[in-house]
Amino acid sequence: MRAWDIEFRALSAGYGEHVVLRDINAVLPGGKVSVILGGSGCGKSTLLRHIIGLSRPLSGGVFIGDRDLFTLNRAEFRRVRRRMGVLFQDGALLGALSLAQNVALPLSEHLRLPRPLIREAALRVLRMVGLEDFADFYPNQLSGGMRKRAGLARAIIAEPRVLLCDEPTSGLDPITAARMDELLCSMHEQYPDMTLVVVSHDLASLRAIADYVLVLRDGGAAFAGSLTELEASPDPYLRQFLRREAADQRLTLHQPPNPTVRAALDRWLAS
Amino acid sequence: MAVDQRNSGPGFLRLLGRPCLRGIDAVGNMTLFLLEGLRQIFTSARIFPRTLQQMYVIGYKSLFVILLIGIFCGMVLGLQGYYTLVQFGSVGMLGSAVSLTLIRELGPVLTAIMLTGRAGSSMAAEIGVMRITDQIDALDVMDINSMAYLVSPRLLAALISFPLLTAIFDVIGIIGGYLTGVLMLGINEGAYFYRIASSVTMTDVAGGFVKSVVFGLLVTAVCCRQGYYTHLRRDSVGPEAVGNATTSAVVISCVLILAADYVLTSFLL
């Protein structure tokens, strides 16, 4: 096993008594781009929270290399997590700080360096994501895509060994989403040793960036393998997912409305 | 045969016990939260710049409302005090009545309640929004202690700002009493200030400060905690949870201020 492989061993996870993931066994290979794929509410973000150590598993473990994340002592756990960068769904930028201050936060909090040097480091990564001109803007002055790119800049400023992205293209138009995919690919070219884990349900993104795919379904791992293997899989659910076909259970749209409601609605619409 | 101990016993005991246990649990969690926040004051490397920023928010931005409430409170005390004391022929005592009421009781309590509404609610809402938008998780992931970053500076700022604002409230209140008592109702100016100087002791002033420090800690800890654990609320999620957390923060703070005031007054008298 490589030092920055991420392995789930019999991982079960949930919130209180509600179990979201059951008995997940998979390895996300170090130095590759892995995409965790699955329908809405299938536990992708929950799995990501376990890799970061923000939630504890109900049973089983998450191993980074050969280290079980949840049995490490506090100092070791912090040392491992320090090497992780996370892009949250909406960027999770601190509203009270400018973009440059947000991006520089990991450095300004942990390193004793002169301010101009830290700002220069922040501007460097902002340049990488094309946001240098917005360094002194605040998060609420930016679009969703820009906030995500800024979140990505903050995630990579400390040169992480594992970069985790939670739905980096959700809510973006196709052009901005494609740009985000390109950004992730070029990020991986820039840091080839970095393990990149992307949580997504965006098929275009999957095809653009994935080396390895883990598909979640009904709280379990439905598939783990390369993108080529996924495309060739005969599994009906995977084929349905990849072809964006609707589920078998047809929605019954033709429900007769209650006549009283219908009549009241008609009166209101005509008024 | 095995008996389920949890469900045995009369129903009313269970009904009584559950909220009691929940209350004890909440007090315990609150105390741990406060202690952790205070501990981080001594371990956090960059506490002072953030504390200054929070002093601006809690202290400076609340100054105007404290001045406003202080002057009207003093004026009302002067007015009420005058018409009560005049019945006993002792209007000369107005200075004592106004100053002692303000310094011992109304100053610390009203300042704390105003700061709860002005600064405490915004603390709860700001931290709550940070929680539901993953900003606190982001801090943790960046290995930045979110308690040290968010809570400790506010606690330290409150420890400094609450007594200062209370002192300002007291002084402005006494001036308010002067406006009504001396300028409007014609009490002798010398008698007003002489009575203040002769009746107010350092014990009164220190007692008022002790109260304001305790209130500052309580208000800040309650408001920060409500925001910090917004995501664990059982009654709501998302933005609604932030609203409920803010309401709870204000209500709990106000009740605790008055309860703590009674306890402290019992000890200080």
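## A strand inside chain A

In strand β7 of chain A, V162(A) is the bridge partner of M84(A). Keep in mind as you look around that this is a predicted model.

Is β6(A) covered on its faces, or open? Both of its faces are covered. M84(A) and V86(A) are buried on one side, while G85(A) and L87(A) are buried on the other. As a reminder, in a regular strand the side chains alternate between the two faces of the sheet.

## Chain A as a whole

Stepping back, chain A has ten helices and ten strands. Its C-alpha atoms fill a box of roughly 70 × 50 × 35 Å along the principal axes. The chain has 271 residues, and 38% of them count as buried.

How much of the contact pattern in chain A comes from residues 24 or more positions apart? Taking the contacts with a separation of 6 or more, such residues account for 67%.

## Where chain A meets chain B

Now for the neighbour. On the chain A side, 15 residues are in contact with ten residues of chain B. Three elements of chain A give two or more residues each to this side: α2 (74-81), β6 (84-87) and α3 (99-110). So which of them gives the most? That is α3(A), with four residues.

## Two helices packed in chain B

Over in chain B, have a look at helix α4 (residues 94-132) and helix α9 (residues 238-268). Two packed helices are described by the angle between their axes and the distance between the axes. Here the axes come within 9 Å and cross at roughly 150°. Because angles over 145 degrees count as roughly antiparallel, α4(B) is roughly antiparallel to α9(B). The crossing of α4(B) past α9(B) is right-handed.

Which residues make the contact? From α4(B) they include V109(B), A112(B), I113(B), G117(B), G120(B), A124(B) and I132(B). From α9(B) they include G238(B), A241(B), V242(B), A245(B), C254(B), I257(B) and D261(B). Taken together, the residues of this contact divide into 14 nonpolar, eight polar and one charged.

Methods:
Residues are numbered from 1 along each chain as its sequence is written. Chains are lettered from A and ligands numbered from 1 in the order in which they are written. This is a predicted model: local features need pLDDT of at least 70, side-chain atom pairs count only at pLDDT 80 or more; totals for chains, interfaces and linings use all residues. Two residues are in contact if their C-beta atoms, placed from the backbone, lie within 7 Å. A residue is buried if 20 or more other C-beta atoms lie within 10 Å of its own, exposed if 12 or fewer, and partly exposed in between; C-beta atoms are placed from the backbone. Two strands pair if DSSP finds at least two bridges between them. Axes are lines fitted to C-alpha atoms, for helices over the stretch in contact, and angles run from 0 to 180 degrees between N-to-C directions. Angles under 35 degrees count as roughly parallel, over 145 as roughly antiparallel, 65 to 115 as roughly perpendicular and the rest as oblique. A crossing is left-handed if the near helix is turned anticlockwise from the far one by less than a right angle, and right-handed if clockwise. Ala, Val, Leu, Ile, Met, Phe, Trp, Tyr, Cys and Pro count as nonpolar, Asp, Glu, Lys and Arg as charged, and the others, Gly among them, as polar.
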